[in-house]
Amino acid sequence: MRRMMSLCLGMMFVIVLAMPVCYGLPAIGTNKPLNLTADEQAIIAKLDYGHAWDQLEYLSSLGEKTSGSPEERAAQQYVFDQLSDMPVDEVLWEEYRVANWDHLGTTVKIVSNGDEDVPATTYGDAQSVWGYDNGVAYFHGNEEDGTVLVAEVVDVGYGTHADFDEACGPDHSLGGAIALVHRDDNTQGWPNVPAEEAALHGASAVMFYGYFEGADNPEGIKQDSVFSRIPAISISPNSAARLQELMVEGPVTLEISGRTDFDPDARSVNVAAVLEGTERADEYIVISGHIDTWWSGSFDDCSSVAIMLEMARMFSEARASGDYVNERTLVFCSVGSEESGGPDGTWFNWLVGSYEFVCEHPDIMDGLVLELNIDGGSFPKVDGKVWLEISCEVDAFVWSAIADLGYLNVVNCYMPVWTWTDAWSFAGKGGGSAVEMVWGTGFDPYYHTQLDTIELQSEDMVGMVMELTALMAYRSVNALVVPIDLVSVCDWAQQRLSSEKPMVPSQRENVDQALLALRDFEALAASANARADEVEAAYSAAKSPSQKASAKAMADELNRAIIDARRIFIPWTMGEGGMMASWEPMLRPHQHATDHSAVVAAVSALGVGDGAAAASALEAVRSMEWGMYCSREAYVVVLSQMMDCEMYWGDDFDQAQDYVDIQGVYLGLMDGSMSVEDALAYLEEVRGGPDGLEAWFMEDVLTLEREWRNAAVPLYDLIG
């Protein structure tokens, strides 16, 4: 799971010192304000909270389970065995190729000050001091035949180009020193930016500490996938403070040893159990979590697999005992390789297992009603609320479950689902509806660190997520009409496209045509909602089996039309881009619209000879959120990584937003090396050229109009 600070603005981060405890959650088994039917209460009562907690403890005890590793496979074997012991109809074991980085230990010593140990690890997909890359040995060390690196450490602040230049001096080189960088994703976007800067400035290795302001856990050693062509080491802020303390007194020399092997042909596994539906077996509810972890990963994501296993046990045993019937098919899934595993060199190297599952099961995606993805289900509420990400079209359905379970004071939601969890594979790439649970306020300081252990987790939070999952699964699996309101997602799209219309004035007519197509689709979606009410009423009023069968047949036709319309509407409506490629979901043309607006502002400033104002305007271009802080050389490398979306899942449905390269103009205006006239000519081409922002925006808007009209066909064929 990848997280960025932008979603945490306004939240207070509280360091939790002793857990598990209950932080304001309604106690399990008490008289919570429930609004459930007797059957729903009976299902909730079948949940075994202790069983789920035992599963969480066991999965946490297995340690780090990285993509394609023997540990990940062993954990999936355990899940497979657990599911196989349940009264389910089928258990699937599905393998696929991934990239595996096998870390065989990293040690750091302060050899200039008495061989003091510094706890450390090598970042996920970075080379260490030495190892084997696809069977070929590599060495970054300078002692013991290249297997040990001994060098001075130099503090380069946040790793910006200016920070490196200040640390390097006039020769612009660290001369083989180790660059100590304070990681701050709000500045750098991702650590690959300062890692590339370090390599360009002659560093022998880059050593990161921290995460971003408010989430720098003093003892946390962060782990992630980081593109780096030199060894990328992670230490805690406390260790960094110790190094900085020593550096005040004089040069500090480190000795780093460590081996990392890269295998591009490793195998990862998805495991799934199927509880076949009795009447609508070709419609599906999927409950999923991912098995792979950095460190022990108790919250992210052992808790989710534990909850998934309890859902499978509860529903399958309830069916076997005759206490429960599932009309639609339930799928319980543990996917691998969520954190990493994509082919070496591709930016889109996460969500691997869920993407493979979506591709492997077009039958499930063709009939997917709802995907309940759990990515963290056990961190206690500390301050504020826990967060769910939800597809717009299931907004009302999700809020109803939250309210009926009495959790309105605990849970909040935002839309749509983002690209950092497996929910995106099912929704953004598969065209389904998804709910992603649950991010606990205050977890960021522990996220992807060695501190995410069982001691940090809350039994009450596990209980709450179990109840939400069970209720939404129960309601959706037997709902007469699928709980999908396409009017809601139309409203979301209409608000965003209308706001983008004035940003590209030349495309007003095309935007109006797209909005007209959207209004036509929304009218049909509203008619589908009205038809759903009629069908529900007819079913409730039915006096005979034949009348009920007739109402159910009408519901089946309506469900098919809604699902078919959604499968077109969702993936073609969504775009993905933002600060770093594919990390933010948005309306398809949004990035091109906002970048166009920034470039127009810069052109306007240049028109009156104000280069400083033009440079300031260019800072709003999405790639400049990090690009303003790095050198031209580093920017070109990272931008090319971000734009290489041909591999893996990056460019399905042509969703990936293109980026314009205006950093050269920005730097030229800032240092005076580019004239106003040259900058103006370049930006005019970026704005209105045949391969510029205006053309990209037009293509996006035309795509929206075309696909919104295509999405209307299934509804029109049914409703007219």
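**Helix packing and buried sites in a predicted model**

Both F521 and F569 are buried in this predicted model.

Q: Are the rings of F521 and F569 stacked or edge-to-face, and what is the distance between their centres?
A: The structure holds 35 aromatic pairs. In the pair of F521 and F569 the planes stand at 20°. Planes under 30 degrees apart count as stacked, so the pair is stacked, with ring centres separated by 4.7 Å.

Q: Which parts does the pair of F521 and F569 tie together, and how many residues apart in sequence are they?
A: F521 belongs to helix 15. F569 belongs to helix 16 (residues 545-573). The pair therefore joins parts of the sequence that are 48 residues apart.

Q: How are helix 14 and helix 15 directed relative to each other?
A: Helix 14 (residues 486-500) packs on helix 15 (residues 508-541) at about 165°, and their axes are 9 Å apart. Angles over 145 count as roughly antiparallel. Helix 14 and helix 15 are therefore roughly antiparallel.

Q: How do helix 2 and helix 13 lie relative to each other?
A: The axes of helix 2 (residues 49-61) and helix 13 (residues 459-477) are 10 Å apart, at an angle of about 115°. Angles of 65 to 115 count as roughly perpendicular. Helix 2 and helix 13 are therefore roughly perpendicular.

Q: Which residues of helix 13 meet helix 2?
A: The crossing of the two helices is right-handed. On the helix 2 side, the contact is made by Y49, A52, W53 and L56. Their partners in helix 13 are E459, V462, G463, M466 and E467.

Q: Is S631 buried or exposed?
A: S631 sits in the loop between helix 19 (624-627) and helix 20 (632-643). Leaving aside neighbours within four places in sequence, S631 is in contact with H161, E197, L200 and Q663. Its relative accessibility is 4%. Buried means under 20%, so S631 counts as buried.

Q: Which helices are among the elements that cover the buried residues of helix 9?
A: The buried residues of helix 9 (residues 352-360) are V352, G353, S354, Y355, F357 and V358. Their cover includes strand 1 (90-110), strand 10 (253-275) and strand 12 (328-335). The helices included are helix 10 (362-366) and helix 12 (423-429).

Notes. Residues numbered from 1 in each chain as written. Predicted model: local features only at pLDDT ≥ 70, side-chain atom pairs only at ≥ 80, totals over all residues. Heavy atoms only, no water. Helix = DSSP H or I, 4+ residues; strand = E, 2+ residues; numbered from the N terminus. Buried < 20%, exposed > 50% of the residue type's maximum accessible area, 1.4 Å probe, protein only. Contact = heavy atoms within 4.5 Å. Axes fitted to C-alpha atoms, helices over the stretch in contact; angles between N-to-C directions. Parallel < 35°, antiparallel > 145°, perpendicular 65-115°, else oblique. Phe/Tyr/Trp six-rings, centres within 6.5 Å; stacked < 30°, edge-to-face > 60°. Left-handed = near helix turned anticlockwise from the far one by under 90°.
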